[in-house]
Amino acid sequence: ATKGGASTCLICLEKIRKIDPIWHCKQGCFAVLHLVCIQSWARQVLSTSENSSAGRNSSSRTSPARWHCPKCRRDYPQAEIPREYRCYCGKEVDPRSDPWLTPHSCGERCELELGLCSHTCLLLCHPGPCPPCPQLVQLACHCGKLAELRRCGHKSFSCQRLCSKRLGCGVHSCDEICHEGECKPCTKFGVHRCRCGSVTEVRPCSQADFQCERICDKELSCKKHVCGKQCHAGACGECELQGRRTCACGKEAYKDLACDVKVPTCGSTCEKLLACGLHRCPERCHAGSCVGTCRVLINKRCRCGSTVKEVPCYQDLVCERKCQHIRNCQRHACRRRCCDGDCPPCSEICGKKLRCGNHKCPAPCHRGLCAPCPLTVKISCQCGFTTLEVPCGADKDVKPPKCSKRCQRPHICGHGDLCKPHRCHYGPCPPCQLLCNKKLDCGHSCNQRCHGPRLTCPVLKGTKKERKAVISPIPGSPCPPCSVLVSRPCMGKHPAGSKMVPCNDESRFSCEKPCGNLLSCGNHFCRDLCHVVTISRALSNGTVVASGGAQQYDSCSSCRLKCTKTRDPPCPHPCEIGCHTGKCPACKVSLKKSCHCGTLVRTLECSAFGCLSEDERIELLSCKGPCHRKLENCSHLCSEICHPGSCPSLCSKKVTVRCACQRIRKAYQCFEVQAAREKQSALVPCDQDCLKAKASQELEEDLQHKQAADKEVR
């Protein structure tokens, strides 16, 4: 990216604007390049690859042609050369430029698959790689002991406990903190034997299986040879020289030949395949390896394919012809002796004029655009104290460096040395930040920033940042109208309605609060928003007193509200007639009142009910019948006369209670039964007769079971 935040195309080295069609690398670096530049780059890479392989055999060009990203060098197939301008997520073709969205973005959800899980990216279409997956999933630590809810993108975590996994030795456990990957080999020492069992050593458990340096030397089954293997476990095996044996060339076989007898040669030609892979050994059957160099004369073609000559098979043929193919720079010929078509890179100097316009390319001859100029140019501030080095040719677009020195230019606004000092700079000096303080006609002083004459200073022009001596004064502007805030009353002249307005503003305003002037009815106040009041009224000893002309127009509206007086006796219903003087009429609203137990409902007049005392209301609302409300601690109903408040907590109803065998029964009051249940005690216990009856019943049941069992046996 450049200093201003815009990206730079790595191919053309130009800035990428918001409206330019782009392509971005999706595999590794996510670099953003011009669409036209990457298309040209891909074609040049493919063309260079085809030209370099033109002289090779067709069998060596089995892989399809590929091109690569100019930054990360990741390969792309030829079919993936970009042909259309797409957004970062690839959904929209030719995305429109929107100042509220990221450039080259479609503004929709990305929804690209994240690499390490099956979830998709939830961000809006964006450049660069997708962030780790934010989904919450149940994950286990490395050792599997702890499972917790974590971000899907951070699956790998340690519980900070001992791993305790069984190691490869099968005896010890891992004593490291919960870790990723396989456990390290066991480092605990023990006494172990080698494979043959002859050597005992103290070794780590991970190296328990080892071989000693001793050769086995056990007698084989043939009784003529010994085992030549190094320390091993198990049987030595059969003698390798027993059974069917052949001569050195493998043509003659010998059966029943003793293992200690040397196999004779057959006398025929060897005919084993030589190292060249084309011819066979012409010697007689012999022991050992065949000759290393094949000397058979064959017709060979040189590397460039222009000469055919008879030479020994092991010798390469190189002609004297110089290659005339154009190298990858597409400017110079190869000129290499007997070239196979894979011409080396050009060794000439490029010499093309660089984009800076001042120098030539010093790199080896190449195709395409040259790299930027490696030289730098110094840019200084206006006073020359601070300098900055920038690439050659970039001084036209780079701003000069900031200088820490103080600007020495004079101020002509009239404040002189009172002006705030500032640093060295190009262009005009900043305006004076002091107040004007000139006397205005209203008596106040001008409180605006200084707007007097000022001097135009040297402006930034030229590639060398040289100043032009163009100094001329700019006349100042007159003082604006007085903006000092003064307090002005509103149209209704309310105490809290005053407002601070500029001194030059003489317009009338409303404080947007209710007027509050007493209306002609004497009961309510004007609710209109603040306005000019022509007749002002007030209450004095219950009498409305008005000030203003008797024939003057009343700016306040007439009273249209309902009566808000409190009735006598008080009731919750409003007066049905409009705003009036005197007492309100009696309330005629019908009230429905239920009795204390909720059995009966009576209709009463509001005024008549409100005149009653509390005792009279209790007497009136009683239905004179049983309460019939369910008691709190039992299922019986209240037996008292309809009454206010809660029913008694102790129930006096008679309840029959039986013993456990249901033979004895007695009568108790309900509250006694409830108390016995809470204490978990029996009111009526069983007597001796109950126990005798129960025992006789059990004997009869046992007799019946025995009789039934006898019948089943028969």
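In which helix is the place of Glu700? Glu700 lies in helix 5, residues 688–713, where helices are DSSP runs (H or I) of at least four residues and strands (E) of at least two, numbered from the N terminus.

The model is predicted, so that local features need pLDDT of at least 70 and side-chain atom pairs pLDDT 80 or more, while totals for chains, interfaces and linings use all residues. Residues are numbered from 1 along each chain as its sequence is written, and side-chain values use heavy atoms, without hydrogens and water.

Glu700 is exposed because its relative accessibility is 52%; buried means under 20% relative accessible area, exposed over 50%, and partly exposed in between (1.4 Å probe, protein chains only).

The structure holds 13 salt bridges, each a side-chain nitrogen of Lys or Arg within 4 Å of a carboxyl oxygen of Asp or Glu. Among them are these:

| Pair | Closest N to O |
|---|---|
| Glu271 and Lys251 | 3.4 Å |

Glu271 is in the loop between strand 10 (253–254) and strand 11 (297–301), and Lys251 in the loop between strand 9 and strand 10, so this pair ties together parts 20 residues apart in sequence. Asp209 is exposed at 56% relative accessibility, whereas Arg195 is partly exposed at 39%.

Zero disulfides, meaning pairs of cysteine sulfur atoms within 2.5 Å, are found in the whole structure. For Cys163, the nearest cysteine sulfur is that of Cys183, 3.7 Å away. Cys163 is buried, with 3% relative accessibility.
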